[in-house]
Amino acid sequence: MQPIIQNADVTFWRSLVLGQLKVLLDNSPSYNPERTQGCLDLMNKHVVGALGPQPTSSLAPWKSYLTDDHSPIEYSLSIKKGACVVRLAIEPVSSASGTPIDPVNSIAPSRWLSGFKNGDGGDMEWFTKLSNRLTISAQNNSPLHPSSCGLTQYVFALDLNENPMLKAYIFHDALARQVSSSPSEWGKQKNMALTEALTSIGLERPWKKVVTYLDTLSETNPEGSGQAEFISWDVVEPKKARMKIYVRFSKADLPQLLSHLDLGGTLDKTKQHTREIQSAATELWNIFSREDGDSNLVTHDINDQSARTHGVILYYELKLGSDEPVAKFYLPIRHYFASDLRIAERFDAFLANKKIAAPGWYTSLLSSYCNHRSLDSRTGLQTMLGCAVRGGEWELSMYISGEAFAPERWQESRRLGMISPSSSFNQL
């Protein structure tokens, strides 16, 4: 049966997504009106009809891993001196997602990718090999251990630059839960499956450095162990692609974070990148790890779904022809501050101090973006702060939720007798 997307669903998502995106683009120095309109047209063509049924309550019918409220859309700002690139990630969803027709939401992402690929190209070699080894299909009838974070398997992202590039993400939680019902085994199963998958595309040597470190860590420091959460790569020919392995660690203080960045000293510390990323980690940790200045973080069991998002994430970038992984780190800042306003103000001050952006720029942008609640009411809008160092230059990434299922939208909808995403793009 073909899942049906109603016109009212598309109308809701068009209004929400294009309204949010226009605020981000209009406030980013990298976009002029022509480029902004091109990005909005791309979203209108490929995204607004792929996000499933419109919300009917604050409970998402399909629990997407992407955001805390399970909205199937997330934005990010990639910020470096003089430039800000807006990125967007979606999990394609349909009315069948999570039903017996498509219990693990594999049909909607497949159909979305086919439509996007036919229009905009992309090399599918890695996607085919990796999805065959790391995901399960809608026809699979094996029972799965439930997850409060959802059973997302596919996410797709676009960098909204002059030539938008498609990125694919694969999550293999569902596969691990099919193989084992024991939470203590999921991390091991995920790493084993990933080893087989990466070997099939020729990345076994750089991955071996990472997985050896993770295995050693689980034996010597089980409280601080890590597991591979998901992978991503640019959908281009493999010799040009960068494979990123995202690993979530259950405990992190600054010494452990620095150790994760050089894989316990097994990466070449004489290399400029290793020194630079560890220096950046030290600086950001001291500024952002705790609002009150206490940077000693507690341990969180990453198999406990309620605590899972507290874990620090690193990605290890692997490339064909290189045995040396390159690391980037992410701090789950929504757990470190009292409100989104506090996060924004801290980030604003940091950007201004580094002369990356003008004072007040970021807080003003976020205030315009968040029109359904007050920034000082709680956290959840800004989820992660990432940092990479490329050629000696810092590249910061702030991740921002679509908050389609935010409870404040429903408090307002009860008052008005309707749900409104508070924007005006329904005529496109």
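Trainee: Is the crossing of H8 and H9 left-handed or right-handed?
Mentor: The crossing of H8 and H9 is right-handed. Keep in mind that this is a predicted model.

Trainee: What angle do helix H8 and helix H9 pack at?
Mentor: Helix H8 (residues 254-261) packs against helix H9 (residues 272-288) at an angle of about 155°. Their axes are 10 Å apart.

Trainee: Why does H8 count as roughly antiparallel to H9?
Mentor: Angles over 145 degrees count as roughly antiparallel, and the angle here is about 155°, so H8 is roughly antiparallel to H9.

Trainee: Which residues make the contact?
Mentor: On the H8 side they are Leu-254, Leu-257, Leu-258 and Leu-261. H9 brings in Ile-277, Gln-278, Ala-281, Thr-282, Trp-285 and Asn-286.

Trainee: What sits in the loop between H8 and H9?
Mentor: Leu-263 is found there. Its phi is near 50°, a positive value in a residue other than glycine.

Trainee: Is Leu-263 buried or exposed?
Mentor: Leu-263 counts as buried, because its relative accessibility is 0%.

Trainee: Where is Glu-403, and what is its phi near?
Mentor: Glu-403 lies in the loop between strand E10 (393-401) and H12. Phi of Glu-403 is near 45°, again a positive value in a residue other than glycine. Glu-403 has a relative accessible area of 3%, so it is buried.

Trainee: New topic. How many helices and strands does the protein have?
Mentor: It has 12 helices and 10 strands. Of its 428 residues, 56% count as buried.

Trainee: And what share of the contacts join residues at least 24 apart?
Mentor: That share is 71%, taken among contacts between residues at least 6 apart in sequence.

Trainee: How many residues are in the largest nonpolar core?
Mentor: The largest nonpolar core has 117 residues. Those with the most contacts inside it are Leu-130, Trp-233, Met-243, Ile-245, Phe-329 and Tyr-362. Helix H1 (residues 7-26) supplies the largest share of this core, 10 residues. Apart from it lies another core of 14 residues, among them Tyr-65, Phe-230, Tyr-246 and Met-384.

Trainee: Why would nonpolar side chains be together like that?
Mentor: In soluble globular proteins, nonpolar side chains tend to be buried together.

Trainee: Back to Leu-130. What is it in contact with?
Mentor: Leaving aside neighbours within four places in sequence, Leu-130 is in contact with Ile-170, Ala-197, Ile-201, Ile-231, Trp-233 and Met-243.

Trainee: Which residues of H4 meet H6?
Mentor: Lys-129, Leu-130, Arg-133 and Leu-134 in H4 do. They meet Ala-193, Leu-194, Glu-196, Ala-197 and Ser-200 in H6.

Trainee: How are those two helices arranged?
Mentor: Helix H4 (residues 125-134) and helix H6 (residues 183-200) pack with their axes 9 Å apart, at an angle of about 160°. That makes H4 roughly antiparallel to H6. The crossing of H4 and H6 is right-handed.

Trainee: What about Phe-127, buried or exposed?
Mentor: Phe-127 lies in helix H4. It is buried, because its relative accessible area is 12% and the cut-off for buried is under 20%. Leaving out residues up to four places away in sequence, Phe-127 touches Leu-113, Tyr-154, Phe-156, Ala-168 and Trp-233. Phe-127 and Trp-233 are 106 residues apart along the chain, and their C-alpha atoms are separated by 9.1 Å.

Trainee: Where does His-172 lie?
Mentor: His-172 lies in the loop between strand E4 (165-171) and helix H5 (173-179). At 2% relative accessibility, His-172 counts as buried.

Trainee: What does His-172 touch?
Mentor: Not counting residues up to four places away in sequence, His-172 touches Leu-134, Lys-190, Leu-194, Ala-228, Glu-229 and Phe-230. His-172 and Ala-228 are 56 residues apart in sequence, with 8.9 Å from C-alpha to C-alpha.

Trainee: Where is the pLDDT below 50?
Mentor: It is below 50 over residues 294-307. That stretch has 33 contacts in the model beyond near neighbours in sequence. Where pLDDT is low, the predicted coordinates should not be read in detail.

Conventions:
Residues numbered from 1 in each chain as written. Predicted model: local features only at pLDDT ≥ 70, side-chain atom pairs only at ≥ 80, totals over all residues. Heavy atoms only, no water. Core = buried A, V, L, I, M, F, W, Y, C linked by side-chain atoms within 4.5 Å. Buried < 20%, exposed > 50% of the residue type's maximum accessible area, 1.4 Å probe, protein only. Helix = DSSP H or I, 4+ residues; strand = E, 2+ residues; numbered from the N terminus. Contact = heavy atoms within 4.5 Å. pLDDT = per-residue confidence, 0-100. Axes fitted to C-alpha atoms, helices over the stretch in contact; angles between N-to-C directions. Parallel < 35°, antiparallel > 145°, perpendicular 65-115°, else oblique. Left-handed = near helix turned anticlockwise from the far one by under 90°.
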